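Please look over the sequence and the model displayed here before reading on. The report begins with the ligand and then turns to pairs of packed helices.

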Amino acid sequence: MSKAIQAVRGMNDLLPEAVDRWRRIEEASRQVLSAYGYREIRLPLVERSELFARSIGALTDIVEKEMYTFEDRSGDSLTLRPEGTAGCVRAGIENGILHNQIQRLWYAGPMFRHERPQKGRYRQFYQIGVEAFGIASADIDAEHILMCARLWKNLGIEGLTLEINSLGTAPIRALYRHELVRYFESRRAHLDEDSLRRLEKNPLRLLDSKNPSMQETIAGAPSLMDHLDVESLTHFTRVSEHLRQAGVAFTINPRLVRGLDYYTRTVFEWTTDRLGAQATVCAGGRYDGLVELLGGKSTPAVGFALGMERLAELLAQQGVVGEDVRPHVYLALLDETAELTGMALAERLRDGGLRVECHCGGGGLKAQLKRADRCGAHFALILGEHEIKTGSVAVKDLRHSHEQTQVSPSELLGYLKQKIGGEKH
Ligand code: HAM
């Protein structure tokens, strides 16, 4: 036997039980998003590499070390999307749906980053992303956060913490960067290797270091909050007011900087202490400069994305199972005549709205009932010589009474629906 081929590291199979849980998240998200007037957009998984370098930033970890980039047969440099915002903006500009318009959009699907895999961090992972274009005021920033809060509530997810910050405008950030470099330069001896590298390339990211020995130095660094321009500060205050008014608890984290360069003003993250190191479940913010940077007319924008794996793990920890899609009925068919009659009977039951799994492949009653049990069906219906002769069907309750009753085919659907409805299946 040849050696079995395994999946690529960091790229997971999702087995049916997990998919059922994921569908809960997907359906709840869809409901919440349409309740706020958002519409789905579907975007390619592959884009031109330069799109990401220009938008996420050439000096970010994602672009420097994590992209799946390849040359296609025409010699073009293409990249598996590491996130959805850049592609969404590209599509918005290309299809002329951004200029002088308000667009509330969402998308879902896989993203690819060549990170070091660990629990909660994968190389193919899934996001649900949300973007709103054309609104400069703080109400839309707050709407996004409120939408998240409603989703957590609808899913029954507890214990998520919201942190917000303002990154100001690009010119303000440039000034602040100067000051930050000055501060850290004078403390080079306290910096670890990673921070020294960040100091050269992307000093704001230094604030994001998780190294415990760096925390004291970071705590003493100048705060961007103290450098904000009046408009950014007013904007930030307004977002906070909206959240307080809506009763959404938050903390201001002046060190929250995010790993993508396109943000301006509001940034936010929802984190949990239940997932270990990969604690951020959902994150986003405002990116007023990106549409113009990618060749469109200047358009304000804000958005966020949630990580499906992390959210699904939280649901699993809370013992939430997916929607019950097990068959209501398993049909055991004991001979060839029963097989013919049984297939037709199964169709009639499905017409009546039941989920029916038909036994295929023959075999004895015992083996068939074992399968019925294993698939989680509520009832086994048995059709054999006796049933065909007497024009009846044997119904065995597999979950509760384990009793067997003969029911006439004309009454069967009503009988089953009543039993199943009575138990709120
Ligand atoms: P991000 O913070 O890079 O933002 O990713 C958003 C979320 O995706 C994270 O909070 C996390 O839950 C999940 N995630 C990221 N990387 C991984 C990974 N390697 N494995 C598992 N989950 C992961 C963005 O992607 C922005 N596009 C969000 C946004 C939309 N900002 C504005 N609009």
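## The ligand and its surroundings

In this predicted model, a nitrogen atom of the ligand is 2.7 Å from an N or O atom in the side chain of Glu-115, a polar contact being a pair of N or O atoms within 3.5 Å. An oxygen atom of the ligand is 2.9 Å from an N or O atom in the side chain of Arg-258, while for Phe-304 a backbone N or O atom lies 3.2 Å from a nitrogen atom of the ligand. Around the ligand there are 26 residues, of which the closest are Glu-83, Arg-113, Glu-115, Glu-131 and Tyr-263; a residue is counted as near if one of its heavy atoms lies within 4 Å of the molecule.

Residues are numbered from 1 along each chain as its sequence is written. Because the model is predicted, local features need pLDDT of at least 70 and side-chain atom pairs count only at pLDDT 80 or more, whereas totals for chains, interfaces and linings use all residues, and side-chain values use heavy atoms, with hydrogens and water left out.

## Helices α5 and α9

Helix α5 (residues 138-155) packs against helix α9 (residues 230-246) at an angle of about 40°, and their axes are 9 Å apart. Helices here are DSSP runs (H or I, at least four residues), numbered from the N terminus, and axes are lines fitted to C-alpha atoms over the stretch in contact, with angles from 0 to 180 degrees between N-to-C directions.

Ala-138, Asp-139, Asp-141, Ala-142, Ile-145 and Leu-146 in α5 meet His-235, Arg-238, Val-239, His-242, Leu-243 and Ala-246 in α9, where contact means heavy atoms within 4.5 Å. By class, this contact of α5 with α9 holds seven nonpolar, two polar and three charged residues.

## Helices α12 and α15

Helix α12 (residues 336-351) and helix α15 (residues 409-422) also pack at an angle of about 40°, with their axes 10 Å apart. Leu-345, Arg-348 and Leu-349 of α12 make the contact with Pro-409, Leu-412, Leu-413 and Leu-416 of α15, and the residues of this contact divide into six nonpolar, no polar and one charged.

## Helices α2 and α4

Helix α2 (residues 49-56) and helix α4 (residues 85-94) pack at an angle of about 105°, with their axes 9 Å apart. The two helices α2 and α4 are therefore roughly perpendicular to each other, a term that covers angles from 65 to 115 degrees. In this pair, Leu-51, Phe-52 and Ser-55 of α2 meet Ala-86, Gly-87 and Arg-90 of α4.

Definitions and conventions
Ala, Val, Leu, Ile, Met, Phe, Trp, Tyr, Cys and Pro count as nonpolar, Asp, Glu, Lys and Arg as charged, and the others, Gly among them, as polar. A polar contact is a pair of N or O atoms within 3.5 Å; within protein, one must be able to donate a hydrogen and the other to accept it, and residues adjacent in sequence count only if both atoms are side-chain atoms. Angles under 35 degrees count as roughly parallel, over 145 as roughly antiparallel, 65 to 115 as roughly perpendicular and the rest as oblique.
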